[in-house]
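Open the structure in your viewer and get ready to select residues. Which helices pack together, and which residues make the contacts?

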Amino acid sequence: MIELKNVCKEFTDGGETFIALEETNLQINENEFTAVIGPSGSGKSTFLTIVGALQQPTEGTLSINDEDVYKMSENKRSDLRFKDIGFVLQGSNLIPFLTIREQYRLKLQKEKKDEANQRIDEVLELLSIKHIGDKYPEDVSGGERARAAIGLAILLKPRLLLADEPTASLDTEKAVQIVEVLQSISREQDTSVVMVTHDERMLEYCDRVIQILDGDVSEVTEEKLKNKK
Ligand code: ADP
Ligand code: MG
């Protein structure tokens with residue numbers, strides 16, 4: 001459903017060209033939970049933002065359900081980003097001045113009020129954060145904030161959920177909670193989930209592991225993963 005064909009990304013810095021992502025060919029399937037690993041600076045965020053329709057590759061195409069994302073109109077792409085792609089950014093994508101419920105409602109402003117509230121309750125329930133619905137992001141714990149950010153990203157049942165290091169700075173128990181939630185989202189919501197992580201303990205929850213080394217993207221087989229442990 002999501003396909004990268006001959007995608008590559010270069011940056012120019014002071015007249016010098018630098019390849020952040022080498023030519024990449026890849027498919028991401030429905031309901032698949034994919035982990036992306038690799039050292040700092042290897043190109044993980046670059047990969048994720050290209051897949052998330054946020055950053056155009058220098059060359060190659062990204063298609064979602066056979067539609068070329070970077071060839072469609074700006075309006076349509078903007079729609080796609082709002083509805084079909086959920087993004088959990090590194091850090092937090094929550095607005096400090098609104099309660100969790102208020103920002104969820106903002107995302108659902110085009111829905112009928114009753115339906116919006118029903119969906120908000122459903123998502124809060126799924127993430128086990130009903131008790132913080134009326135709180136501001138800074139008044140909840142790091143683990144709750146991370147789950148609230150995922151909730152915001154899945155309100156509109158996107159086809160694709162992208163999470164950039166959602167477990168960074170969480171202890172193992174909280175990190176596992178997050179990864180279990182992402183796994184259940186990929187299973188139950190018809191959402192493909194792609195998660196960047198530094199944490200190898202989280203890989204057993206994923207269907208598939210992709211490694212990026214100096215911009216070179218490759219599939220990690222189960223055998224290779226076992227050897228790593
Ligand atoms: P990661 O997420 O794996 O840490 P990034 O994708 O953020 O890596 O970055 C990969 C490389 O591309 C790094 O060397 C980074 O400095 C460079 N890079 C990323 N974004 C830009 C940009 N907008 N302009 C110039 N260089 C960039
Ligand atoms: Mg990064």
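The tour below goes from helix to helix.

This is a predicted model, where local features need pLDDT of at least 70, side-chain atom pairs count only at pLDDT 80 or more, and totals for chains, interfaces and linings use all residues. Residues are numbered from 1 along each chain as its sequence is written, chains are lettered from A and ligands numbered from 1 in the order in which they are written, and side-chain values use heavy atoms, with hydrogens and water left out.

**Stop 1: α3 and α4**

Select residues 100-107, helix α3, and residues 113-126, helix α4. Helices here are DSSP runs (H or I, at least four residues), numbered from the N terminus. The two axes lie 10 Å apart, at an angle of about 125°. Axes are lines fitted to C-alpha atoms over the stretch in contact, and angles run from 0 to 180 degrees between N-to-C directions. α3 and α4 are therefore oblique to each other. Angles under 35 degrees count as roughly parallel, over 145 as roughly antiparallel, 65 to 115 as roughly perpendicular and the rest as oblique.

Now show the side chains. On α3, Ile-100, Arg-101, Tyr-104 and Arg-105 make the contact. On α4, the partners are Asn-117, Ile-120, Asp-121, Val-123 and Leu-124. Contact means heavy atoms within 4.5 Å.

**Stop 2: α3 and α5**

From α3, pick Ile-100, Gln-103, Tyr-104 and Lys-107. Facing them in the contact are Arg-147, Ala-148, Gly-151 and Leu-152 of α5.

**Stop 3**

**Stop 4: α5 and α6**

Go back to α5 and select residues 172-188, helix α6. The pair packs at about 15°, with axes 10 Å apart. That makes α5 roughly parallel to α6. α5 brings Gly-143, Ala-146, Arg-147, Ile-150 and Ile-154 to the contact. α6 brings Lys-174, Gln-177, Ile-178, Leu-182 and Ile-185.

Key:
Helix = DSSP H or I, 4+ residues; strand = E, 2+ residues; numbered from the N terminus.
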